[in-house]
Amino acid sequence: MNHEGEKHKESTQVTRKNTGIHKLLNETAVSTYEDVIDIVEAKIELVKIELTDKISLLSAVVILSVVLLIGLAYLITTLALLAGELLGHTWLGYLLVSLIFLSSFLFFAKIKPLLLRNMIQNILLSVHDYKK
């Protein structure tokens, strides 16, 4: 009989552990853990979405830049051919266009090296509506 009383006492203690404050604390801890896991998973998904957004923006800029460079190359060639026709020799047109580009390079590289950098910085700041 004494042995049965001990079993009854143990089962009562086990039942008490799963009820009342202990049960509430256990449910709260489990719920908090699950909420933290859900928040971390949501943050990871958000980072993935933001990363794919930035990659797609960068890809679009690269593609548009390549298209712009090809268009500029054809425009420069057209201007060189036009100048060559006006001057009577095709090579003179290409020479004139080349001299314009080389003189621009020398101007921005040697005479006014900060001018181009400041112009680009002002353009980038104006895109983001930042006023100095």
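The protein chain exposes about 12000 Å² of surface, and carbon and sulfur atoms supply 70% of that area (Shrake-Rupley method, 1.4 Å probe; for residues, only the protein chains shown count as cover). Buried residues make up 4% of the 132 residues in the chain; buried here means under 20% relative accessible area, exposed means over 50%, and partly exposed is in between (1.4 Å probe, protein chains only). All of this comes from a predicted model, in which local features need pLDDT of at least 70 and side-chain atom pairs count only at pLDDT 80 or more, while totals for chains, interfaces and linings use all residues. Residues are numbered from 1 along each chain as its sequence is written, and side-chain values use heavy atoms, with hydrogens and water left out.

As for the fold, the chain has four helices and zero strands, giving the pattern α-α-α-α along the sequence. Helices (H or I, at least four residues) and strands (E, at least two) are DSSP runs, numbered from the N terminus. Helix α4 covers residues 113–127; its 15 residues reach 23 Å from first C-alpha to last, close to the 21 Å expected at 1.5 Å a residue (the expected span being 1.5 Å times one less than the number of residues). Just after α4, D129 takes a positive phi of about 55°.

Two surface patches turn up. Patches are built from residues with over 30% relative accessible area and no salt bridge, joining like charges within 9 Å and nonpolar side chains (Val, Leu, Ile, Met, Phe, Trp, Tyr) within 5 Å. The nonpolar one consists of L68, L69, L72, L75, L79, L82 and L86, with about 710 Å² of accessible area together. L86 sits in helix α2 (residues 21–87) and counts as exposed because its relative accessibility is 70%. The negative patch is made by E34, D35, D38 and E41; Asp and Glu count as negative, Lys and Arg as positive, and His and the chain ends are not counted. Each charge is placed at NZ of Lys, CZ of Arg, CG of Asp or CD of Glu. D35 also belongs to helix α2 and, at 42% relative accessible area, is partly exposed.

Side chains of opposite charge can pair when their charged atoms come close. A search of the whole structure finds one salt bridge, defined as a side-chain nitrogen of Lys or Arg within 4 Å of a carboxyl oxygen of Asp or Glu. The partners are E45 and K48, at 3.6 Å from N to O. Both lie in helix α2, three residues apart, or about one turn of the helix. E45 is partly exposed at 42% relative accessible area, and K48 is partly exposed at 47%.
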